[in-house]
Amino acid sequence: MHEPHRFRSVRPDGRTGGSGRPNPPSRRSLLRSAAAGGLAAAGIVTGAPGAAAATSRVTGSKVRDLSGPALTGRFAAPWTDLGIPVRCPDGSMLFVCGDTFDGGGVGGPDWRSPVGLRSSNAAPGSLVVDGAVGGSRAVGLVPEGHTGGTTAIPSDVFTVGPTMYMHLMRGVIYETHHTDFWRSDDNGETWQYLCQWPGGLHGGQFQQKTYAVADDGYLYVLSTAFDRGVTSGLLLHRVRQDAPGDPAAYEPWGYAGGAWAWGNPPTTVTSPRRWGEICFRALGGGYALTWLNMNPLDIRAQIFATPTSNLFTTAEQTMIVPTVPGRETGNAVASPYGGFIIPGSGVDDLHIVVSQWYDAQNYRVMQYRVNGLDGPAH
């Protein structure tokens, strides 16, 4: 997610950063523990030859790596993750990445976050990173000195007309001090600060946000806590598309007095759980929510008709299942996270961006294609 993983406890110089309190579990350790449960649930015994994930009508396959030394090293970004895809006003595709390093692996020199990698061809079947914001060195899109182990992790990037918006989670990993919101009017080359929210707002469940651009003039916003070790609800807000930079313009959806309604205090719209990355998009005449599920560790989707559909009863469809290094095939991925929907794909042929990290040289952004998802129930 991420993300600011891990770097609460380990900075690129190898020292621990932060407040002097015990280090919380790193993203890597949480992924590993979740993977153990996920593998068991999928019927995978890590030491048994020939073991395979449980079958499903949903299938998937890797299309390509989008990052790595041979692919993005020429932009001083051989090691990066997330890669939230957004179609720019000029028609290119921008991948907004999280913690990014040069050198020999994760934790190497030149730590930046977020950065922007670009594919001049935005067709889902033809994505190749052939440019970067900053040219030969992918630059940090916003100021972030990583003082004391802080970082700036993108949770979403989206476009409304000629303007792009980016939401960031700021602070030491899993200790979000605040989140902030930025805009770009030049296809993501430069970004201007708009506003911020305190990390504790709505009990911390407004930290990780993702935005669906609807055709009714609103943005619909789902949010959770940004901490894979904490159980969080999933909150829903809406904001006019001309006012996403005004915190006072966000209207909550909640249950009160025996009814759901806009303007009620926000209440969770699905069962609380430990969330990884989340992605909310208008898709195929309906809406899609994809997320990293922590127990078991997999990437799931819900497809539904309206932003206020009942997610308590909407089917959860597993797109990516866990496996171990060396056993990756089809939609089985070792240490997966992310799962961001690629613009231009659809429910019947969904392309998603999946990240992977299980050691210092296996930290990358990948593209997967998913088939067999059920469409929204009307």
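Author: Strand 14 (residues 251–256) pairs with strand 15 in the antiparallel sense, over four bridges. Two strands pair if DSSP finds at least two bridges between them. Strands (E, at least two residues) and helices (H or I, at least four) are DSSP runs, numbered from the N terminus.

Reader: Which residue stands opposite Trp260 in strand 15?

Author: Tyr255 stands opposite Trp260. Strand 15 covers residues 259–262.

Reader: Before going on, what kind of model is this?

Author: It is a predicted model: local features need pLDDT of at least 70, side-chain atom pairs count only at pLDDT 80 or more, and totals for chains, interfaces and linings use all residues. Residues are numbered from 1 along each chain as its sequence is written, and side-chain values use heavy atoms, with hydrogens and water left out.

Reader: ok. What is the strand order in the open sheet of five strands?

Author: The order is 10-11-13-14-15, and the pairing is antiparallel. Strand 10 (208–213) and strand 15 are the edge strands, each pairing on one side only. From one strand to the next, the twist averages 25 degrees; axes are lines fitted to C-alpha atoms, for helices over the stretch in contact, and angles run from 0 to 180 degrees between N-to-C directions.

Reader: Back to Trp260. Why does it count as partly exposed?

Author: Because its relative accessible area is 34%. Buried means under 20%, exposed over 50%, and partly exposed in between (1.4 Å probe, protein chains only).

Reader: And Thr176, buried or exposed?

Author: Thr176 counts as buried because its relative accessibility is 13%. Thr176 is in strand 8 (residues 175–184).

Reader: What is Thr176 in contact with, leaving aside neighbours within four places in sequence?

Author: Arg170, Gly199, Gln207 and Phe226. Contact means heavy atoms within 4.5 Å.

Reader: New topic. What is the order in the open sheet of four strands?

Author: That order is 1-23-22-21, with antiparallel pairing. Strand 1 (59–65) and strand 21 (336–341) are its edge strands, as each pairs on one side only. Strand 21 is joined to strand 22 (residues 350–359) by five bridges, and Ile341 has Ile352 in strand 22 as its bridge partner.

Reader: How many helices and strands does the protein chain have?

Author: Two helices and 23 strands. Of its 378 residues, 58% count as buried.
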